[in-house]
Amino acid sequence: MDKKLVYFLCTGNSCRSQMADGFLKALGSDSYEVKSAGLEAHGLNPRAVASMGEAGIDISNHTSDVIDPEILSRADYIITLCGHANDNCPVVRNDKAERWHWGFDDPAKATGTEEEITAKFRDVRDSIKARIEQFVKEGK
């Protein structure tokens, strides 16, 4: 069986797209090839790494990458996780790809106490996990 290629895109490929990448690799790697990238590469956000670790998923070895046109052209699913990436994603010359936007708040913009910021990361992480679980369950 050929695995479907899922390409998660975000602005900096540091938080949301990394979380989605980690969850889909953990929950659907038998059916999906998973890649993630950003309009820019901001590096992994340490709080994203920590919150995913709390969920039992290690993304500490992930890299923050810029969108690769070759991967974009091969993708079966192109999923943006923030409005900026959705609005600024390069023109996709890929008739087979399904393109979706799953909007999630940017936890890196959270303010407040350390506990409040950590709670925001956990909220976004859990929302992304629920959406990935639905994606895997529906088989698309």
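Okay, let's start with Ile117: if we skip its neighbours within four places in sequence, Ile117 is in contact with Arg47, Ala110, Thr111 and Gly112. Contact here means heavy atoms within 4.5 Å. Before going on, a word on the source: this is a predicted model, where local features need pLDDT of at least 70 and side-chain atom pairs count only at pLDDT 80 or more, while totals for chains, interfaces and linings use all residues. Residues are numbered from 1 along each chain as its sequence is written, and side-chain values use heavy atoms, with hydrogens and water left out.

Back to Ile117, which sits in helix α5. Helices (H or I, at least four residues) and strands (E, at least two) are DSSP runs, numbered from the N terminus. Is Ile117 buried or exposed? Ile117 is buried, at 9% relative accessibility. Buried means under 20% relative accessible area, exposed over 50%, and partly exposed in between, using a 1.4 Å probe and protein chains only. Ile117 and Pro107 are 10 residues apart along the chain, and their C-alpha atoms are separated by 7.4 Å.

Now, what does α5 pack against? Two packed helices are described by the angle between their axes and the distance between the axes. Axes are lines fitted to C-alpha atoms, for helices over the stretch in contact, and angles run from 0 to 180 degrees between N-to-C directions.

Take α2 and α5: their axes come within 10 Å and cross at roughly 65 degrees. That crossing is right-handed, meaning the near helix is turned clockwise from the far one by less than a right angle, with anticlockwise being left-handed. On the α2 side we find Arg47, Ala48, Ser51, Met52 and Glu54, and they meet Glu114, Ile117, Phe121, Arg122 and Arg125 in α5. Those residues divide into four nonpolar, one polar and five charged. For that count, Ala, Val, Leu, Ile, Met, Phe, Trp, Tyr, Cys and Pro are nonpolar, Asp, Glu, Lys and Arg are charged, and the others, Gly among them, are polar.

Next pair: α1 and α5 pack at about 45 degrees, with axes 9 Å apart. The two helices are therefore oblique to each other; under 35 degrees would be roughly parallel, over 145 roughly antiparallel, 65 to 115 roughly perpendicular, and the rest is oblique. The crossing of α1 and α5 is right-handed. From α1, residues including Met19, Phe23 and Leu24 meet α5 residues, among them Phe121, Ile128 and Phe135. This contact divides into 11 nonpolar, one polar and four charged residues.

Some of those names come back in the largest nonpolar core, which has 27 residues; Val6, Phe8, Leu24, Trp102, Ile128, Ile132 and Phe135 have the most contacts inside it. A nonpolar core is a set of buried Ala, Val, Leu, Ile, Met, Phe, Trp, Tyr and Cys residues joined through side-chain atoms within 4.5 Å. Which element gives the largest share of this core? That's α5, with six residues.

Last stop: the loop between β1 and α1, where Cys15 is found. Cys15 is buried at 4% relative accessible area, and beyond its neighbours within four places in sequence, Cys15 is in contact with Asn45, Ala48, Pro107, Ala108 and Phe121. Asn13 is in the loop between β1 and α1 too, and Asn13 is buried at 0%. Although not a glycine, Asn13 has a positive phi of about 50 degrees.
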